[in-house]
Amino acid sequence: MRLGVLDVGSNTVHLLVVDAHPGARPLPAHSHKAELRLAQLLDADGAIGPDGVASLVSTVRDALQAAEDKGVEDLLPFATSAVREARNADEVLTRVKEETGVNLEVLSGADEARLTFLAARRWFGWSAGRLLVLDIGGGSLEIAYGLDEEPDAAVSLPLGAGRLTAAWLPGDPPDGDAVRALRRHARAEIARTVGEFSRLGAPDHVVATSKTFKQLARLAGAARSAEGLYVQRELKRKSLEDWVPRLAAMTRDERNELPGVSEGRSGQLLAGALVAEGAMDLFGVESVEICPWALREGVILRRLDHMS
């Protein structure tokens, strides 16, 4: 059947259309996305303002039309941290439901981590052994660890690249003191979780997903996306440590000129790099392998499991 996953994230609203059936890998058929940046549209009280809600409704309506055009039989709509943590989340969800008919399922942070872990496990297989999975989104950082398809530990931290950029790095380029303050904050948040994972033993394979990690790996010399999904890509901590001070000294326009960095993500790349560096350092990780699959694929795989 043709499935559609509508992901209302902190940075983008992304419709992924796949052809899928139980027992087979989902084949991408179409991608439709819009940069909405909900994580940066929260007002001082933590609510999504009227303009943001109107933009979300319009964007969801456009995604629905794209899904219809592509013959989607079953739509799986969900929202992540930006909607989940908005003070007026219930009002936003009601408005979307009333005006578009879409009932957004709000995933918890732990659910995000578990579903992303499932996608990574299916991509790398059982031979990868114990996996540690890191995912940096626009609103949160997810960490999960385990040997099976359900992780033994899964946490979500408010360390998304978009959220941190808006709250900590307003300058362009950012002030050096602000960068150091964000570095301390991110590492303190991550450090609180390390013990929970270290008690489970060292991972056999460390995996990173998300646009942030993909762009950082590209900066460090990984293959371009045009070379396909099956080319192995990795990001070494040493390379990341070399890039962080360079990114901190650049303006957004200068980062936008870097290989693999999209215009919509150049502003938040430094915050993402600081979180990635902190996570790899505190977990004692020298290198991560980039996984092409992440949360959206995890949602699809779980749906297919239920069908079978």
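Student: Which residues touch the most other members of the largest nonpolar core?

Tutor: First, the general idea: in soluble globular proteins, nonpolar side chains tend to be buried together. This model is predicted. Its largest nonpolar core holds 49 residues. Leu132, Ile143, Ile190, Phe213, Leu216, Leu247 and Val288 touch the most other members. Helix α10 (residues 269-282) gives the most to this core, with nine residues. A second, separate core has 24 residues, among them Val17 and Ala67.

Student: What is Phe213 in contact with, leaving aside neighbours within four places in sequence?

Tutor: Phe213 is in contact with Leu134, Ile136, Ala208, Leu235, Ala276, Val288 and Ile290.

Student: Where do the buried residues of helix α8 lie around its axis?

Tutor: Arg237, Leu240, Trp243, Val244, Leu247 and Ala248 are the buried residues of α8. They cover an arc of only 125° around the axis, so they sit on the same side of α8. They pack against α6, α7, β10, α9 and α10. Note Trp243 too: Arg246 lies over its face, 3.7 Å from the ring centre.

Student: How many aromatic pairs are there?

Tutor: A search of the whole structure finds three. Trp123 and Trp293 form an edge-to-face pair, 5.2 Å centre to centre with 65° between the planes. The two lie 170 residues apart in the chain. Together with Tyr230, they form one aromatic cluster.

Student: Is Trp123 buried or partly exposed?

Tutor: Partly exposed, because its relative accessibility is 22% and buried means under 20%. Trp293 is buried, at 11%.

Student: Why is the pair of Phe197 and Phe283 edge-to-face?

Tutor: Look at the angle. Their planes are at 75°, and over 60 degrees counts as edge-to-face. The ring centres are 5.7 Å apart. Both residues are buried.

Technical notes
Residues are numbered from 1 along each chain as its sequence is written. This is a predicted model: local features need pLDDT of at least 70, side-chain atom pairs count only at pLDDT 80 or more; totals for chains, interfaces and linings use all residues. Side-chain values use heavy atoms; hydrogens and water are left out. A nonpolar core is a set of buried Ala, Val, Leu, Ile, Met, Phe, Trp, Tyr and Cys residues joined through side-chain atoms within 4.5 Å. Buried means under 20% relative accessible area, exposed over 50%, partly exposed in between (1.4 Å probe, protein chains only). Helices (H or I, at least four residues) and strands (E, at least two) are DSSP runs, numbered from the N terminus. Contact means heavy atoms within 4.5 Å. The arc is that of the directions from the helix axis to the C-beta atoms. Rings of Phe, Tyr and Trp (its six-membered ring) pair if their centres lie within 6.5 Å; planes under 30 degrees apart count as stacked, over 60 as edge-to-face and the rest as tilted. A charge sits over a ring if NZ of Lys or CZ of Arg is within 6 Å of the ring centre and within 35 degrees of the ring normal.
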